[in-house]
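Reader: Could you walk me through the cross-links in this protein? I would like to learn how to read them one by one.

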Amino acid sequence: MEEHRFQLKATWEGGLSGTGTLSGKGLKTAISVPSEMNGPGVGTNPEELLIGAAMNCYLITLAAILQRRTLTVKSLTLQSEGIVVVEGGKQSFQQIIHRPHLLLADADEEQVKQAEQATHRAEQACMISKALRGNVAVTVEPSIEVV
């Protein structure tokens, strides 16, 4: 068995309205409670970081699947949205929606179908999606064009 460890370091000043920093090997950012939740909105926040982790994993997984299927991808972009619900004063992360947009070069109908299947397969295979499964719904709304 192989084991990989990833470490981050954080600092914080103040209470709920405070600010801090988060850093790791490939990350250095200011952090705070988001303004949507009555925080200072300085830097990033846990909600964006969770969406970002899900996005990054999904995008890498999708790119790998598309490559294995030997589809000619001219462009791959992704927009993702996270939905947090506040009910009875309690917050819960309800859903992440991935909206990949693919531009395929000279693709026939079968290749477009393969690309669409890949967009859904990537969500099933992504390690972060698997970690969220049962707690946060992760859905995919793909858009595919042929150029």
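**Reading the cross-links**

Author: Gladly! Keep in mind that this is a predicted model. Let us start with one side chain: Arg-133 is partly exposed, at 39% relative accessibility.

Reader: Which residue does Arg-133 meet in a salt bridge?

Author: The general idea is that side chains of opposite charge can pair when their charged atoms come close. Here Arg-133 meets Glu-123, with 3.4 Å from N to O. The two are 10 residues apart, with Arg-133 in the loop between α3 and β6 and Glu-123 in helix α2. Glu-123 is buried, since its relative accessible area of 7% is under 20%.

Reader: Which residues are linked in a network of salt bridges?

Author: Glu-81, Arg-99 and Glu-141 are. Arg-99 pairs with Glu-81, the closest N and O atoms being 2.9 Å apart. Arg-99 sits in strand β5 and Glu-81 in strand β4, so this pair ties together parts 18 residues apart in sequence. Arg-99 also meets Glu-141, at 2.8 Å from N to O. Glu-141 lies in the loop between β6 and β7, so here the tied parts are 42 residues apart in sequence.

Reader: And how many disulfides are there?

Author: A disulfide is a covalent bond between the sulfur atoms of two cysteines. The count here is 1: Cys-57 and Cys-126, with sulfur atoms 2.4 Å apart. Cys-57 is in helix α1 and Cys-126 in the loop between α2 and α3, so the pair joins parts 69 residues apart in sequence.

Reader: Is Cys-126 buried or exposed?

Author: Cys-126 is buried, with a relative accessible area of 0%. Cys-57 counts as buried too, at 14%.

Notes
Residues numbered from 1 in each chain as written. Predicted model: local features only at pLDDT ≥ 70, side-chain atom pairs only at ≥ 80, totals over all residues. Heavy atoms only, no water. Disulfide = S-S within 2.5 Å. Helix = DSSP H or I, 4+ residues; strand = E, 2+ residues; numbered from the N terminus. Buried < 20%, exposed > 50% of the residue type's maximum accessible area, 1.4 Å probe, protein only. Salt bridge = Lys/Arg side-chain N within 4 Å of Asp/Glu carboxyl O.
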